[in-house]
Structures are given as structure tokens and as C-alpha cells.
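The topics run from the whole assembly down to single residues.

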Amino acid sequence: MDSHPSFAPSGTQMQVPGMLDANLRVRGRVQYAMDAKMPGMLHAKLLRSPHAHARLVSIDASRARALPGVIAVITGPDLADRDDIYPYYGPIFRDQSVLVMDKARFVGDPVAAVAAIDLDTAQAALDLIDVEWEELEPVLSLDDALAASSIVHDEPPRLGQTFADIIVRTEANSNICNHFKLRKGDIEDGFAKADHIFEDVFTSPPVQHVPMETHNCVAWWENGVLRLISATQMPFSVRAQLAEIFKVPQTRVRITVPTLGGGYGAKTYAKVEPVTAVLAQVTGRPVRLHLTREEEFVTITKHGMQIRMKTGVTRDGKIVARHSTCYFNTGAYADIGPRLIKNGGFGTGGPHKIDNVWVDSYAVYTNLAPAGAFRGYGVSQAAWAYESQMDMIADRLGWDPYEFRMKNLLNEGEPVMTGEPMYDAHFKDLLATAAERIGWDANVKAVRHGNKVRGKGLSVIIKASVTPSTSSASVKLNEDGSLQILSSAVEMGQGAETTLSVLGGEVLDLRLDQVSITHPDTDFTPYDQGTSSSRNTYSMGTAVKMAVEDIKQQLFKLASDELEVAIGDLEVFKGRVQVKGVPERSVGYGDLVRKARAGNLLATAVYASNGGLDPETGQGIGSVHWHQAAGAAEVEVDLDTGRIEVLKYHAGVYAGRIANPAQAELQTEGNIAFGLGQALYEEMIYDGGQLQNGNLGDYMIVSIEDMPKQISLDVLERHESHDIHGIGETSLPPCMPAVGNAVFRATGVRILDLPITPEKVLRGLRAIARPQAHGQEIDA
Amino acid sequence: MTDRRAQGEVTATEDGRLAIPAMLNGRQTTLVARPWHTLLETLRDQEGLYGVREGCGVGMCGACTVMLDGEPVSSCLVLAPQVAGREIRTVEGLAAPDGTLSDLQQAFIDHTAFQCSYCTSGFLITAERLAEEHPDASREEIRHYLAGNLCRCGSYVKILDAVADLLERRRAGRTAD
């Protein structure tokens with residue numbers, strides 16, 4: 001597990017620590033939402049449906065209400081009776097009710113909530129709630145859903161405010177939640193030009209984010225204002241939803257967000273907040289809801305996916321057509337599925353120059369736990385399909401997978417699948433480095449040592465960042481020359497607050513200890529769309545830099561009078577404005593602020609990216625810029641047991657400019673851990689709608705011992721670039737196909753369904769009469 | 001009553017809970033808990049030691065690891081009455097009373113061995129014991145020893161670097177002595 005980062009530190013003058021509050025973090029003193037304690041605080045528990053699909057016939061909570069220590073019990077029907085509450089939420093469709101009112105749609109759907117003086121009492125009260133269910137035919141798979149003999153949502157969707165980038169196309173009396181279309185070029189003509197056409201079906205299972213800190217919040221009402229301390233990646237989205245639920249202006253909801261114990265997409269959009277807020281309202285006391293690990297597993301997941309991918313190539317190795325049909329299993333409630341299918345759908349176009357692309361991507365309702373944003377945002381599923389298929393095509397036609405990729409990867413200015421030209425293209429550099437680092441040799445497929453065989457695999461991916469999107473930031477320069485950044489960026493381990501402090505501070509050439517940044521507080525920190533989509537450093541970073549730049553211009557104006565020189569002759573240097581190159585003629589920021597009699601200098605900036613896709617063709621601007629990554633794996637497969645060990649992994653990602661080198665490495669290494677888990681272990685296993693492995697005893701995530709012993713990173717930086725590319729997710733999607741391709745080269749076994757378990761490999765080995773006959777072998 | 005507590009015996013409080021004498025981060029204290037309460041929830045709710053965190057509740061993730069009589073244990077699997085008369089050390093007890101970080105904590109900072117840092121407390125406790133028990137551990141042995149602590153952010157490369165570096169520094173220190 002030796003790491004060899006290859007990038008040089010960025011141009012900043014600052015010493016950049018990974019985290020400003022590192023000292024607190026190693027002393028166990030950093031505060032998470034779950035550490036908040038309020039006077040008189042009650043503890044909440046939820047009663048959940050034991051059925052995947054069942055009509056609520058009756059519910060009686062009178063025995064629970066009579067239990068000493070129980071302060072309130074609310075049920076779905078209670079909410080339905082209230083005129084002052086709109087009991088629905090969901091970021092696109094308001095298809096989830098605060099508690100089940102008509103029918104439960106997955107095992108774990110909350111139907112009643114208890115607030116009690118302690119957790120023991122709340123837990124005991126759950127057993128005293130009597131519920132009568134009438135079981136309905138459950139929709140447990142994509143096949144069930146498409147057969148439509150049972151419908152998860154009978155009513156047409158209640159639409160909320162529209163997102164700028166989402167096209168809603170639902171189908172009545174079906175389980176199709178949304179449909180995204182991409183039509184590029186002439187697909188029939190494309191396949192007519194192809195010499196070879198391949199069609200394969202790939203699947204990815206639902207997996208869970210497993211943030212170490214599960215969803216939790218504390219809610220209370222204070223002078224008519226709903227207050228929350230919540231572990232959310234999107235305080236403004238949650239605020240909007242709560243304001244809608246309680247029919248109050250957004251100013252009557254105030255959310256603060258401390259540092260998060262991991263998010264990875266799980267903590268986007270309202271989850272635990274609505275029901276906790278209702279309990280707080282009903283009891284008039286602060287209420288905490290903190291999910292158990294088992295509850296976390298059914299709160300939000302990665303989309304299970306099936307992709308049928310048909311690709312046409314010419315005999316000289318050019319891809320001329322691709323047709324993908326994608327089904328994303330969005331579970332019982334849409335969450336952000338209707339948008340995610342867009343990114344996952346156009347994502348199947350891959351980082352290749354393909355003139356003719358046709359994509360139908362569907363979000364499909366089933367009676368499983370809701371699926372939503374998950375690190376990679378649909379692209380992991382897409383890349384598992386296209387990067388596996390790249391190697392399958394190369395193998396069938398006897399080509400080198402490396403050369404086949406090189407022949408098709410996008411060059412500068414060539415159109416991506418959404419039709420816009422690719423700028424700042426680095427796919428080929430990333431792949432070349434990956435191949436070099438892994439020791440790629442087209443002539444050696446497998447190397448066998450006794451009953452163990454080794455092989456290598458490559459992959460390259462393209463990923464969008466949500467576009468259009470908006471971030472805003474306010475900054476204050478104080479009388480002592482210190483800079484305060486008010487930002488709604490959520491710190492969830494990625495070092496956002498440190499990185500933004502660096503980006504803001506360097507505009508005024510300040511030391512880091514002269515810069516401070518707030519946690520999000522919707523009353524005081526300006527709007528941000530959310531900390532997701534690898535967008536924070538770029539989008540919020542741009543807003544912060546713009547705001548501090550405004551402060552700098554204000555300082556120049558003040559200094560121009562003070563020093564009697566033209567603004568154009570001024571520069572900042574170590575906390576002072578000086579005449580260019582003449583430190584003797586300078587004035588400190590604090591002096592200027594005081595002379596202005598302003599108390600502090602203020603500035604606010606908004607960064608909003610532009611773009612969007614045509615609803616019929618999916619052509620337009622898919623991403624403000626495109627994220628690029630490559631992966632390379634070397635695996636060793638035990639032919640007796642099917643066990644796979646990843647010996648070596650290389651992650652390459654284009655970063656543009658690196659703002660925080662330590663965090664850039666950490667996030668990239670984190671993607672490797674995340675990706676290898678999904679490649680080899682992770683899968684939510686359902687039986688009759690019941691999750692079988694919703695705990696960390698049965699659901700395996702990667703431990704330190706599972707990490708490859710050799711890891712190399714290529715966080716590619718272009719020093720002249722001021723464009724920061726998000727890297728929070730980018731190096732994740734290559735992991736799964738890189739491992740799958742390596743397993744294939746080693747053994748000849750092609751796994752189409754994630755994860756790549758020993759059982760599947762053994763079954764594959766048995767299916768191949770003589771695994772030794774595969775490829776060229778060298779006995780070592 | 002006081003005598004019995006001094007001898008490490010569990011006694012009943014007036015409201016029917018248990019008074020559990022124990023040494024906590026170097027000071028004698030009395031934990032108060034119901035018989036079924038875990039050490040984890042008692043340390044958090046009663047002692048305000050929020051560095052001890054639940055990750056899985058079933059002893060698989062290591063986030064709630066504390067030292068019990070010098071051995072790392074998952075505090076979610078220990079019932080509070082079981083610690084009567086015993087010595088508990090949590091992440092809050094690693095730094096010196098004046099706040100000076102231990103060499104292990106410093107190594108984690110030097111190597112930026114965390115992201116969200118939720119799991120960091122548990123890693124520090126396990127690594128502290130590793131350093132005592134196996135001062136010459138190889139990187140391979142460190143990986144094996146720390147396999148019971150999970151980090152979902154995947155800061156493992158840096159954690160391994162930090163612990164290996166710590167052992168190195170301590171070895172250098174011993175040689176210098």
C-alpha cells in the first residue's frame with residue numbers, strides 16, 4: 001500500500017494542511033450533528049413496515065401513548081388529518097410521505113414515530129403500536145416492475161418546483177418513474193457502417209453508502225421558527241422541503257450543519273428531518289432522531305442497474321454506433337432518481353468519440369429501499385457496462401484493449417455524447433500513464449504461479465458535474481485584517497472548509513490562520529445548491545474567489561486614495577496593499593477597513609454555471625466541464641477458490657488545478673477503497689423484499705487489509721489551468737471495470753454482474769473447459 | 001456504600017440504576033447506567049465523551065473502540081456494569097492533560113490520516129495498543145492488526161503510513177536512549 005503521488009504542489013504560497021481542525025479530529029473533539037444535546041431533548045424511534053407492499057388498513061397507537069415516558073406518537077393517518085401540514089416530500093416528485101398514509105412501499109417504510117424521554121422508552125413504545133396491513137403483490141425486481149402487474153405508485157406524481165436540468169417524463173399505470181432520451185447522429189446509419197456489432201447486458205446491484213455516521217438530526221421550534229441541526233449535504237434543499245411541509249416561508253426554517261461523518265451522496269435531500277420536525281412541533285420540545293445501522297441501509301441506496309449495450313465497430317477499430325437501454329432501479333420513492341438516470345444514461349456514451357448514440361434510460365419504481373445519489377452518480381453503473389464491453393470487443397476481435405481505447409478516446413475539441421466539444425481532454429494521457437504504471441503488456445494476458453494466476457485490466461471514464469448549478473458566498477474583511485468566509489459548503493471529510501479557506505485567503509495573500517470559515521447556517525450563509533457532484537471546490541471555490549476578489553478591489557480603491565497612486569499600480573502582499581514592487585509604500589488591510597469606517601468590508605458573489613440538454617435529443621451542454629479518470633488493476637485469482645486479490649491499483653484523474661494536495665490524494669485513495677468494495681464485495685441482498693445483509697457483519701466493506709499493497713496515483717495537474725476539476729468521485733467508476741477486465745485477462749472468466757465474487761469466478765472457471773487454454777501463459 | 005465502590009463493586013442508586021466505579025482516562029469515576037446499557041452509550045450520554053462513536057452496533061467496525069484494562073474493545077459490545085473496578089481509556093485520554101498531542105495523534109496529523117475522522121478515535125486506540133504490543137510490526141502486520149477498524153472514506157493508505165511512521169519514530173527514540 002505504498003502511495004506514489006506524482007503531482008507537484010500547487011502554486012499557492014500557503015502551507016496547506018489537509019484539515020484546519022485536524023487537532024480536534026485526532027482528539028475526538030470534533031462535533032457531529034449527533035453530538036448535539038438540547039435541554040429537554042426527546043428521543044425518537046420509527047415503526048417501520050414489515051411488508052414490501054401493503055395497504056395500511058388501521059393503526060392504533062393508544063397503548064403506546066399510554067406508556068409512561070412517551071410524550072407523543074404520530075402516525076400517517078394523523079398527518080393526513082392535518083390541514084396545516086403538506087405531508088409529502090421528495091426532491092423532484094413529492095412521492096414520499098412523512099409517514100405511510102395509504103400504503104407501505106418497502107420493508108422499512110416508516111408508518112409511526114414515537115418521541116419519548118429516552119431511547120429505551122421510545123423503543124418499548126414501538127411494540128405497543130397495533131397495525132393492520134393488507135399485503136399487496138410486491139414489485140421486487142426490474143422484471144416485476146416492467147411487467148406492471150402491480151403498481152408501486154397508483155397516483156400520478158405530485159411535482160415540486162422544477163429543477164433546471166430535469167425533464168420529467170413519467171408513464172401512467174406503469175412503474176416507469178422517468179425516462180431520459182439521448183439521440184445523437186443517425187443510429188441506424190451508424191450500425192450500417194459497422195463491421196461488427198456486439199450486444200451485452202450488464203448489471204450492478206444496489207449497494208449502500210455506509211457513512212460511518214448514520215443519518216441524524218435534532219429539531220426544535222423556537223419562536224415559531226423550526227430549527228434543525230442536521231447531518232445533511234444539502235441544507236437549502238432540506239429547508240425548502242420543510243418550509244413546504246409546514247406551509248411557512250423559508251425564513252421560518254433554519255438549518256445548521258456541523259461536520260459530517262461521511263456522506264457519499266447518502267445525505268443529499270431530506271431524509272430524517274421531516275418526521276423529526278413534526279415530532280418537535282407536536283411535543284413542543286427538541287427531538288433527536290438518529291438511525292441505527294440497519295435503518296441506514298434502507299434509507300437510501302445506490303441504484304441497482306441493468307444496461308443492455310449494443311456497440312458497432314468498424315474492422316479498423318473505430319466505434320461508430322452505440323445503443324444503450326438502461327434501467328435504474330429507483331426503489332420505492334424517486335428521490336433524485338429522475339435526474340440520476342440522465343447522468344447515468346448519457347454516461348453510457350463513454351469517453352469515446354462515437355458519432356451515433358441512442359440512449360433510453362429509465363428510472364423504475366420497485367418495492368425496495370429508495371435509491372438516490374451515490375458517489376459516482378450513475379456513472380459507475382454506466383462505466384461498468386461500457387468499459388467491460390470495450391475489453392470484450394477487443395478480445396473477440398483479437399485487439400489490444402489499450403490500443404482499442406486509444407483509437408476511440410476523445411481528443412481535444414471532439415464532440416462528447418451530448419454533442420458539445422470536449423475541452424481540456426486528457427483521457428489519453430491518463431490511460432497512457434495508467435498502462436505504464438501497471439506495466440501493461442499487450443502480449444501477456446495471464447501469468448500463472450501454481451494455482452494462482454495474475455492479470456491486468458484498464459479503464460477510462462468520463463463524468464459530468466451537475467449543470468447548471470449555483471453557489472454563492474459572502475465574505476467579510478475585519479478591522480484586524482482577518483477574512484471571514486460565510487459559505488454553505490458542507491464539510492464531510494473532503495476538506496471543503498480548508499480548501500475554500502485556501503482559495504479565498506490566497507486572493508488577499510493571507511496566512512491560513514487569518515482566514516476563518518463558517519459551517520452552513522441557512523439564516524446566515526448564502527445559498528448553495530448542495531455539497532455533491534464533486535462540485536464544491538470548483539463551484540463554491542469560484543464563488544468564494546469572486547467575493548474575495550471584490551474585497552480586493554474595495555481595498556485597492558481605499559489604498560489608491562491613501563497611497564495616492566492609481567489602482568492599476570497596486571498589489572496585495574502578505575496582508576497589505578502595496579505599490580507594485582515597493583513594500584515601503586504599503587498599507588495594512590486593517591488600517592484601510594478602519595479608515596473606511598465600515599467596521600468590515602463586505603462582498604457577496606454568485607457563481608452559476610450554464611447549460612442543459614434538449615429534452616428530445618439529450619444534446620446540449622451536459623456538464624460545465626467534464627471529469628476524466630483512468631484506472632488500472634493487477635489481480636491475482638486463486639483458481640481453487642476463486643478468491644481475488646487486487647495486488648496493485650493505479651488511479652489517474654485530471655484535476656486542473658489542485659487546491660489541497662493532501663485532500664486530493666485522500667479522496668482519490670478513498671475512491672479506490674470505495675470502488676474495490678463495489679467491484680468485489682458489496683451487494684444488498686434481498687429475499688422477498690427483505691434485506692438479508694443490512695448490517696456490517698454481513699455486508700462487507702473494504703478494510704485496510706483488503707487494500708492493494710501497491711497503490712499509485714496520478715492526480716494530473718495543469719499548472720497554467722485555473723479551472724479546478726472536481727475529483728471527489730471521478731476516480732471511482734474506473735475501479736470496477738478495471739478489476740473485471742483484469743480478472744478476465746487472468747482467467748478468461750467474464751463477469752457481467754457485479755460484484756465479482758469468488759463463487760461467480762469459480763462457476764465461470766468450470767464453464768470454461770480448460771482455463772489454462774486461455775491466452776498466453778508464462779510459467780513463473 | 002463508598003467502601004464497596006472503592007473496592008470496585010457495583011451498587012444500586014436510589015432511582016434503581018447501577019453505580020459502577022471505574023477508572024476513566026486516569027481518574028476515578030462512577031458511571032451510572034441501567035444494567036442493559038452499553039459502555040458506548042454510557043460514555044457518550046453520561047460522560048460526554050463524544051469521541052467514542054457508534055458505527056455498527058455489532059462490534060464489526062471499530063469506531064467505538066476504547067481501551068479496557070489496556071486492551072482495545074468495542075464499547076458497543078461491553079455492558080456498562082462489566083467495567084466495574086476496571087480501567088477505561090478513550091481517545092480523549094490520549095493527549096497529555098495540558099492538551100499536548102501524543103506522538104500517535106501527531107503522526108495522524110502529519111500524514112493527514114483521516115477524512116471525515118469519525119473512525120479516527122477507534123483507529124488511534126487500536127494503533128496505540130499495536131505500538132505497545134508489536135513495536136517492530138511490519139506494514140503487513142499493521143494492516144492485519146488494524147483490519148477490525150473500518151474507514152469508509154478510505155483513508156487507509158495514510159493511516160498505514162502514519163502508524164508505520166510512528167513505530168519508526170518510537171524505534172528511533174529507543175535507540176537514541
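Domain bounds, as used here, come from an automatic or database domain assignment. On that basis, 25 Å separate the centres of domain 1 and domain 2 of chain B, taken over C-alpha atoms. The model is predicted. In it, 40 residues of chain A are in contact with 40 residues of chain B.

**Interface between the chains**

- The side of chain A that touches chain B receives two or more residues from each of two elements, helix H1 (22–26) and helix H17 (661–680) of chain A.
- H17(A) supplies the largest share of that side, namely seven residues.
- Sorted by class, the side of chain A that touches chain B holds 20 nonpolar, 12 polar and eight charged residues.

**Domains of chain A**

- Chain A is divided into domain 1 (43–136 + 215–290), domain 2 (304–466 + 615–779) and domain 3 (470–608).
- The centres of domain 2 and domain 3 of chain A, taken over C-alpha atoms, are separated by 39 Å.
- Contact between these two domains of chain A involves 16 residues of domain 2 and 13 residues of domain 3.
- On the domain 2 side of this contact in chain A, six residues are nonpolar, nine are polar and one is charged.

**Domains of chain B**

- The assignment for chain B gives domain 1 (2–91) and domain 2 (103–176).
- Their contact takes 14 residues from domain 1 of chain B and 11 residues from domain 2 of chain B.
- Strand S4 (65–68) and strand S5 (71–74) of chain B are the elements that give two or more residues to the domain 1 side of this contact.
- S4(B) gives the most to that side, with three residues.
- By class, the domain 1 side in chain B comprises eight nonpolar, four polar and two charged residues.

**Nonpolar core**

- In soluble globular proteins, nonpolar side chains tend to be buried together.
- The largest nonpolar core has 291 residues, and those with the most contacts inside it are A:Ala112, A:Val114, A:Val739 and A:Val743.
- Helix H15 (residues 536–563) of chain A gives the most to this core, with 11 residues.
- Leaving aside neighbours within four places in sequence, A:Val114 is in contact with A:Ala44, A:Lys45, A:Ala64, A:Val70, A:Val73, A:Ala122, A:Ala125 and A:Leu126.

**Packing of helices H11 and H12 of chain A**

- Two packed helices are described by the angle between their axes and the distance between the axes.
- Helix H11 (residues 379–397) and helix H12 (residues 401–408) of chain A pack at an angle of about 115°, and their axes are 9 Å apart.
- The crossing of H11(A) past H12(A) is right-handed.
- H11(A) contributes A:Met390, A:Asp391, A:Ile393 and A:Ala394 to the contact, while H12(A) contributes A:Pro401, A:Phe404 and A:Arg405.
- This contact of H11(A) with H12(A) has five nonpolar, no polar and two charged residues.

**Backbone features of chain A**

- Most residues other than glycine have a negative phi, and most peptide bonds are trans.
- The peptide bond from A:Thr467 to A:Pro468 is cis, with omega near -5°; A:Pro468 has its place in the loop between strand S20 (452–463) and strand S21 (470–477) of chain A.
- A:Leu754 and A:Pro755 are likewise joined by a cis peptide bond, with omega about -10°; A:Pro755 is found in the loop between helix H18 (735–747) and helix H19 (758–767) of chain A.
- A:Tyr377 is not glycine, yet its phi is positive, near 50°; A:Tyr377 is found in the loop between strand S18 (356–365) and H11 of chain A.
- A:Tyr377 counts as buried because it has 30 C-beta neighbours inside 10 Å, where 20 or more are required.
- A:Asp509 also has a positive phi, near 50°, and is found in the loop between helix H14 (496–507) and strand S23 (515–517) of chain A.
- A:Asp509 has 18 C-beta neighbours inside 10 Å and therefore counts as partly exposed.

**B:Ser102**

- B:Ser102 lies in the loop between strand S6 (87–89) and helix H3 (103–110) of chain B.
- With 18 other C-beta atoms within 10 Å, B:Ser102 is partly exposed.
- Not counting residues up to four places away in sequence, B:Ser102 touches B:Leu94 and B:Ala95.
- B:Ser102 and B:Asp161 are 59 residues apart in sequence and 17 Å apart in space, C-alpha to C-alpha.

Notes:
Residues are numbered from 1 along each chain as its sequence is written. Chains are lettered from A and ligands numbered from 1 in the order in which they are written. This is a predicted model: local features need pLDDT of at least 70, side-chain atom pairs count only at pLDDT 80 or more; totals for chains, interfaces and linings use all residues. Two residues are in contact if their C-beta atoms, placed from the backbone, lie within 7 Å. Helices (H or I, at least four residues) and strands (E, at least two) are DSSP runs, numbered from the N terminus. Ala, Val, Leu, Ile, Met, Phe, Trp, Tyr, Cys and Pro count as nonpolar, Asp, Glu, Lys and Arg as charged, and the others, Gly among them, as polar. A nonpolar core is a set of buried Ala, Val, Leu, Ile, Met, Phe, Trp, Tyr and Cys residues joined through C-beta atoms within 7 Å. A residue is buried if 20 or more other C-beta atoms lie within 10 Å of its own, exposed if 12 or fewer, and partly exposed in between; C-beta atoms are placed from the backbone. Axes are lines fitted to C-alpha atoms, for helices over the stretch in contact, and angles run from 0 to 180 degrees between N-to-C directions. A crossing is left-handed if the near helix is turned anticlockwise from the far one by less than a right angle, and right-handed if clockwise.
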